[in-house]
Amino acid sequence: MTIDLRSDTVTRPSAAMRAAIAAAEVGDDVYGEDPTVARLERRLADDLGFETGLFLPSGTQSNLIALLCHCRRGDEYLVGMEAHTYKYEGGGAAVLGSIQPQPIVHAPDGTLPLDALERAVKPDDPHFARTRLLALENTWHGRVLPQDYVVAAAAWARGRGLAVHLDGARLFNAAVASGRPPRELAAPFDSVSVCLSKGLGAPVGSVLLGDAALIGEARRWRKMLGGGLRQSGLLAAAALYALDHHVERLAQDHARAARLAALLHGLDGIAVAAQHTNMVFIEVDASRLRALDAHLQAHGVRASIGYLPTVRLVTHLDIDDAAIEAAGAAFRSFAA
């Protein structure tokens, strides 16, 4: 069996989730007739305190559509330099929306310092893009944003006339780790994107949440971008199953990540840089990356090893205690 630590997106539906998919009542969602999709959208909107929601094929499309709803051509959004919406979503806001990102250097805890944000806001002058939006991410590299910071940042943004969007791809990890209800974490935002295919383990999909006007516009953008699905209740059923059965168990992923970090601590040539929620970050000399990759694969372990010395290891519902111990043994034999 392969131990896949590349991402929490690699999970496979359980037999019970597959049964929920098979039993789903469906209709044509582009016509607004899929009852299971409607139930998912209503469920998350009610749970997180929003007027309504929209089921989308991916977190990338959900974030992009949020940016397109908040900003127009020639506008800009303030975003972290290592944020997913800026760095890992193909430049979609700039390419498809003519929206300029203004990247801000993260503080070590994942926050964007308010003084840096203040300096980044453009004056009302034809020389500059129009600053319209602040986008935050929670969790960020596994880190839970401090809630007092989130509240302060949202208040600052509104004082500047800016909307506030949350890339909440792992919002439920943040809720479980912090002990705060997801609704509290989402409350400061005008829109929130929640991913269902990461730690929650559904095969496909995200939901964008906001008020009726924003979601109405988002529905139009979804169609334009090719995200209008037909009998997507099959996918929504998996997401509903995940919300019912896979939220509290995220604590197990966090505990297993902590155990993995402990197993790797002190190994020759491997430095544990950080462990937050379900992620472990290690530093490996660049000259040994290819050897590490080959060694791990030979021992049935997959990791996202590229050209940079930082390697991210991610736990998820397909990784049990035995897999953590086996992965630790593979790293130990490499170090030896």
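Predicted model: local features only at pLDDT ≥ 70, side-chain atom pairs only at ≥ 80, totals over all residues.

**Strand pairing, burial and helix crossing**

The bridge partner of Cys195 in E8 is Ser206.

Q: What makes strand E7 and strand E8 a pair, and in which sense do they run?
A: Two strands count as paired if at least two bridges are found between them. Strand E7 (residues 191-195) and strand E8 (residues 206-210) have four bridges, in the antiparallel sense, so by that definition they pair.

Q: Why are strand E2 and strand E4 called edge strands?
A: The open sheet has seven strands in the order E2-E8-E7-E6-E5-E3-E4, with mixed pairing. Strand E2 (52-56) and strand E4 (100-104) each pair on one side only, and the twist from one strand to the next averages 20°. Helix H10 (residues 212-224) lies across E2, E7 and E8, running at about 20° to E2.

Q: How do you know whether Thr85 is buried or exposed?
A: Thr85, which lies in helix H4 (residues 84-87), has a relative accessible area of 8%. Buried means under 20%, so Thr85 is buried. Leaving aside residues up to four places away in sequence, Thr85 touches Asn63, Tyr77, Val79 and Asp167.

Q: Why is helix H13 called oblique to helix H14?
A: The axes of H13 (residues 289-298) and H14 (residues 321-335) come within 10 Å and cross at roughly 135°. Angles over 145 degrees count as roughly antiparallel and 65 to 115 as roughly perpendicular, with the rest oblique above that range, so H13 is oblique to H14. The crossing is right-handed, and the contact has six nonpolar, two polar and no charged residues.

Note on methods:
Residues numbered from 1 in each chain as written. Heavy atoms only, no water. Helix = DSSP H or I, 4+ residues; strand = E, 2+ residues; numbered from the N terminus. Buried < 20%, exposed > 50% of the residue type's maximum accessible area, 1.4 Å probe, protein only. Contact = heavy atoms within 4.5 Å. Axes fitted to C-alpha atoms, helices over the stretch in contact; angles between N-to-C directions. Parallel < 35°, antiparallel > 145°, perpendicular 65-115°, else oblique. Left-handed = near helix turned anticlockwise from the far one by under 90°. Nonpolar A, V, L, I, M, F, W, Y, C, P; charged D, E, K, R; others polar.
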